[in-house]
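Let's take a friendly walk through the inside of this protein. Have the sequence and the fold at hand as you read.

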Amino acid sequence: MEAQGLHASLELVSGCGHVLSLEQRAALRSSLLLLQRDYRYRRVLLWGRILGLRGDYFIARGEEEPGPEEEPEQLRGLKTLYSLNCIDWSLLPPATDEIIEQCSHVKGRFVGDPSHEYEYTEKKMVGEGDAAYTEEITIPIKEETRLVGTIALIEREAAVVPRGAYIKTPLGHIQVNRSFPGLTVSEAKKLSSYFHFTDALEPKKRSLLEKADLEPSIDFLESLEHDVPKGERTYSLHM
């Protein structure tokens, strides 16, 4: 949700039960615009809210202004910030594979305190040869770090965009497709019309015939039709 049209966007999702109080709406409306001005972002998006036991984390994404000879980058050029009161915002560091791996070991709800520390144990081989043995090491992780990894995991697994909403320029930059008219009713019912809005972890190998039907400027992301549910679960798209 863009800061400029936050009120209208919140109304659209209110039917699903995702609502904010009047105080939170007013605070977000003002603080996000100030955030955009102070950090000199091209635009600011309200990413969502992560619930905690003592308080909730409100997450925003900021798109940096490109340089004079640069193009805006939609996939990798966003900064992540969080707030506990919808007014004061703190910048989060970029997520790394190590942070994401650590966060996958932490279970349970968030507390709502960025300084809260979790602990998990990790088994490590010590010594060599016959003298080698397994030792359990306790590794601490702060909730703020867990927040970074959780947001990255949600983005990796659940960020989805319709086909054609973004285009890839000849220089490799990803931009919003201003001429995107939206999906037709028949297209909207197909999983092939939706892409993961993230870098592919395991890109699907396509044959030459499959590549011939692709549009390089549009089909640069992985389609949902290639997803294989884990276990015995299945999914389908209902309109």
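## Strands and the core around them

Strands β2 and β3 run antiparallel and are joined by six bridges; strands are DSSP runs (E, at least two residues) and helices likewise (H or I, at least four), numbered from the N terminus, and two strands pair if DSSP finds at least two bridges between them. This is a predicted model, where local features need pLDDT of at least 70 and side-chain atom pairs count only at pLDDT 80 or more, while totals for chains, interfaces and linings use all residues. Residues are numbered from 1 along each chain, and side-chain values use heavy atoms, without hydrogens and water.

On its other pairing, β2 runs antiparallel to β1 through eight bridges, and a hairpin of six residues joins β1 to β2.

| Residue | Opposite residue |
|---|---|
| Leu46 | Ala60 in β2 |

Seven of the eight residues of β2 are buried, so β2 is largely enclosed by the rest of the structure; buried means under 20% relative accessible area (1.4 Å probe, protein chains only).

The largest nonpolar core has 17 residues, and Tyr57 and Leu147 have the most contacts inside it. Such a core is a set of buried Ala, Val, Leu, Ile, Met, Phe, Trp, Tyr and Cys residues joined through side-chain atoms within 4.5 Å. The largest share, three residues, comes from α4.

The buried residues of α4 include Glu143, Arg146 and Leu147.

Technical notes. Buried < 20%, exposed > 50% of the residue type's maximum accessible area, 1.4 Å probe, protein only.
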